[in-house]
Structures are given as C-alpha cells and as structure tokens.
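This report covers a pocket and its lining, then a set of charged side-chain pairs.

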Amino acid sequence: MFLLHPLIALLSLAALSAASKCSLKINGQIPGAQAPFTASLPSEPTQTASTGTGALPSPTAFDYSRTKVRGVNLGGWLVLEPWITPSIFEATGNDNIVDEFTLGQLMNPNAAQKLLQSHWESWITEDDFIAIKAAGLNHVRIPIGYWSIPLPSSATNTSTSTAPYITGAWPYLLRALNWARKHSIHVIIDIHGAPGSQNGYDNSGQRTGNPVWALNPSNVTRTIDTIRWLTQNIGGMVDVIELLNEGAGFRGPDWSNAIRQYFLDGYNTVRAVESASSSTYSDNRTLGVMIGDAFMGLQSWDGFLTFPQGNNALMDIHTYQIFSDLELGRSISDHISYECSSVLPNVLSYAQSNIWTVLGEWSAALTDCARWLNGRGVGARWDNTWTPTGGFYHGSCSGWTGSWNGSDGGPGFSEQYKQQLRQYWEVQIEAAENVQGWIYWTWKAENADEWSYQKGLEGGWIPHDPTERKYPHMCG
C-alpha cells in the first residue's frame, strides 16, 4: 500500500484557503485521501489514514483479464474544453481565451480562480458518481493537467512553476477519489495535459501550433517526476495511472522516440515506487499502467511492454470517425461496417498478442457539429464552416447537435437520429468488448447531447443496462 504524503493535506489547504473559509470536517468512514464536503461552498479537503499504512485500495481489485471495463470519462472538469463547457469561456468576455493556458494568461487571476472554483465544485458531484454506478458502469477516467498536481520542489530537479495556469483543482480530485471508493467505481487517472503541451490541442491545456513537451527534456523529466509523486501519494486510491493522453507521435521521430522512451521510464517509475513501498495492497493487486498509441497505430506498439517486460500494462486506443471529410461522408451503415471490418479486427489482433486493450475514448457522435468541438471560434467540417483541407458541405448542423429534446430552442433529435446513435453506440461496444472494454467520451456536456452519456440515458439511445442490445451481433 502506498504511503500518503503529509504535504498533500497542506497543499490542499493552501489551494482553497484564499477562496473559502469553511470549516473542516473529517469523514472517518472512508480511510485514505479524505475530501468530505458538507456544504455547497468548497471546504478544505484533507487526508487521513485509519492505519499507519495510508490509503486503502479499492474494496475489490478489478480483474482486467476477465471483467469488461465499462466506463465514462469525466471530460471538461479538471481540464477545460471549450466545447464541453462553452459557458465558462463566454463568461470571460474575451474571445482570445481559447484554453486553460490563455484563461490564466489573459484573465484577472482572482476572477479566474473564482470562475474555476465554481466549475470544479459543481460540474462533477457525488450525484454523478451515483448516476454512473446506477447506469451499470464500473470505471471513470479522470483527466487532469500537470498544473493541478501539487508537485513539490523536493520531488523534482526541474521547475515546479505552473504559470500561467490557475491551480486549485487537486482537492476536488481527492474528493472524487473518495466518492469513487464509496460507490465502488474504479478509477483511471489520466495525465491529459503535460508541460509544454504534448499535442497542441486545447484539451492538453494549451492550443498551439508549436507544442514542445517532447522537444524539451526537462518537460519529460518533470512528467516522470509527477508520475512518481502521483504513485506515491494516490496510488492506493486509483486502479490505473495513464502516463499521457494523445501524445503527438505523428509529429516525427523526435516525438515518437521521446514518447516511447517516456512510456518505458514511466512504467518503470511506477513499479519502482511499488517495490520501495513498505507494505503491499491487502489484495496483492498491482497498479495498472496505461499507455496510448500516440496516433502511431497499434502496429507501432507490437511487443511493447509485453510480459515479462510489462505486467498489468494497458493500451488506450481512441476511435473517432468524425475528424475528416472522408469519415464524415460515411452513412450510418458505413460507420458500422468500418467498425466491424477495421476497428474490431485491429484491436482484437493487437490485444491477443500484446497487452490489455481498452477503447478509452469514443463517442456516438456522427458529426463534428458540436459548437467549438474543433476549438473556440472554429466551425465544423460538416457544414463547411471550417475547411482545413479544402472543405466539403455534408449538410446543416441543425438537428445533429445541441439539446436532444429541443430545450435549447433547436429542433431536437429525430427518432431516426436517435436510432442511429443507438446503433453506433452498440457497434462500438461490440468491438470494445471483444477486448478489455471501453470508456465513453464523455459523461456530460453543456449543449452537445450526442456526446453526453448522461443525456443518452435520458434520451433513450443509451440503455441503463450497458449489456442490453437492440441490435445484437452487428459484426456477425
């Protein structure tokens, strides 16, 4: 079992003390990293341990070799994305604020802190964990940025500066880990934003045409040190640590080589912390370590971290079919055919001879119409309001995004469209459950219901029992 670092409690207090003076209340029912909240205002979560060994593991270790992963991503919460919560970006009153980096850079710090504090407090609550469990799901994947992890200077020889990012999300992560434990939901913690940006996308924290994570060795070293600190301090509260989300391996050999070495070093770092621990998990489980294909294709990772080099290693593959005109030109039948003839055999072939494989991001969305999905101020390929490769008009976005029931003033989703969403959801589940399982992107979004698992349950195109099928065996 991993020992809890006493510095976490101090940093948690410091992170929120300026914004809140609520009294501290310890909940003794859940040992480990404590984050009980008893009011709508944020308290200062702290950490205690019922024994000298620190945080306890999840009540039951998850058997990735036999039990299917069925989960959702808590997207847009601890790492902002403009399309998930456009209201946050509209509230800034500044069109140049396009990501969390520019929010910290261009907004008044106190106002930015207040805005984010309110978001962290309200976007994901215990009610969400209750609903996730009720929907038959067993995992959440929680994206977090490096700037929200309070890495102390004693844990790294690199910089610990987080400027211009606004810090303070860490206590909310601790609170979520306790909710997950309370409701028997397993957790994948995901480094979604790395120093210098690992891909240049707004979901890395910084939208830029010049990401530099892999080009600056100190960025990579800092990320390794962050993984070590996470493992030491919350390793007993999570099931899997994902080393990096969507590294830009397509940017050339400097990037692909750096990512490959980082994955090796990150894996070894986690295992070294486990070996150095003075005690073991009560159920003798080993912390899972997840890597991604880094847009390089699964074949690029053949033989990587396989046994005996790797143990309890997982591959995260993201399978969207909407980010090119070629993909958008597919009918629902074409989407289903592609899933069955390409995605399924690809992941199955890889998983059978390599490591556990999880479809860690995918969606029922059939277009890129969600407002700001391609970035704040950027249009969509679907209706040709954004033409990065020349452009092609596939149709109007009306009826393809927004509120499913028309509560936003739009037409809502037709019965035919909801049927297509259900078919597409089911065929992707079929592919994913031929390997280790799936984690849907995302649990909720303000006004893009085709992406929201929560709204899919409400609108009926996602069943409350994830094993229920209207269209079984679409892949034969």
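In this predicted model, strand 6 (313-318) and helix 10 (332-353) each contribute at least two residues to the lining of the largest pocket. Helix 10 contributes the most, with five residues. The space in this pocket comes to about 1,100 Å³. Its lining is made of 43 residues, and those closest to the centre are Y201, E246, F295, Y320 and F323. Sorted by class, the lining holds 18 nonpolar, 15 polar and 10 charged residues.

Y201 sits in the loop between strand 3 (186-193) and helix 7 (217-234). Together with F250 and F295, Y201 makes a nonpolar surface patch of about 280 Å². The relative accessible area of Y201 is 31%, so this residue is partly exposed; patch residues need over 30%.

Strand 6 also contains M315. M315 has 0% relative accessibility and therefore counts as buried, the cut-off being under 20%. The C-alpha atoms of M315 and N354 are 9.1 Å apart, while 39 residues separate the two in sequence.

**Salt bridges**

Side chains of opposite charge can pair when their charged atoms come close. The whole structure has 18 salt bridges. Three of them are listed here.

| Pair | N to O distance |
|---|---|
| R141 and E361 | 3.1 Å |
| R422 and E426 | 2.7 Å |
| E468 and R422 | 3.2 Å |

R422 takes part in two of the tabulated pairs, with E426 and with E468. R422 and E426 are four residues apart in helix 11 (residues 415-432), about one turn of the helix. Both count as buried: R422 has a relative accessibility of 3%, and E426 has a relative accessible area of 1%.

The pair of E468 and R422 has an N to O distance of 3.2 Å. E468 lies in the segment after helix 12 (453-459) and R422 in helix 11, so this pair ties together parts 46 residues apart in sequence. With a relative accessible area of 37%, E468 is partly exposed.

Salt bridges with shared partners also join R141, D190, E242, D316 and E361 into one network.

Note on methods:
Residues numbered from 1 in each chain as written. Predicted model: local features only at pLDDT ≥ 70, side-chain atom pairs only at ≥ 80, totals over all residues. Heavy atoms only, no water. 1 Å grid on protein atoms, 1.4 Å probe; cavity = no way out; pocket = protein on both sides within 12 Å on 5 of 7 lines; lining within 4 Å. Points joined across faces, edges and corners; volume = space filled by probe spheres on them. Nonpolar A, V, L, I, M, F, W, Y, C, P; charged D, E, K, R; others polar. Patch = residues over 30% accessible without salt bridge, like charges linked within 9 Å, V, L, I, M, F, W, Y side chains within 5 Å. Areas by Shrake-Rupley, 256 points an atom, 1.4 Å probe, with all protein chains shown as cover. Salt bridge = Lys/Arg side-chain N within 4 Å of Asp/Glu carboxyl O. Buried < 20%, exposed > 50% of the residue type's maximum accessible area, 1.4 Å probe, protein only.
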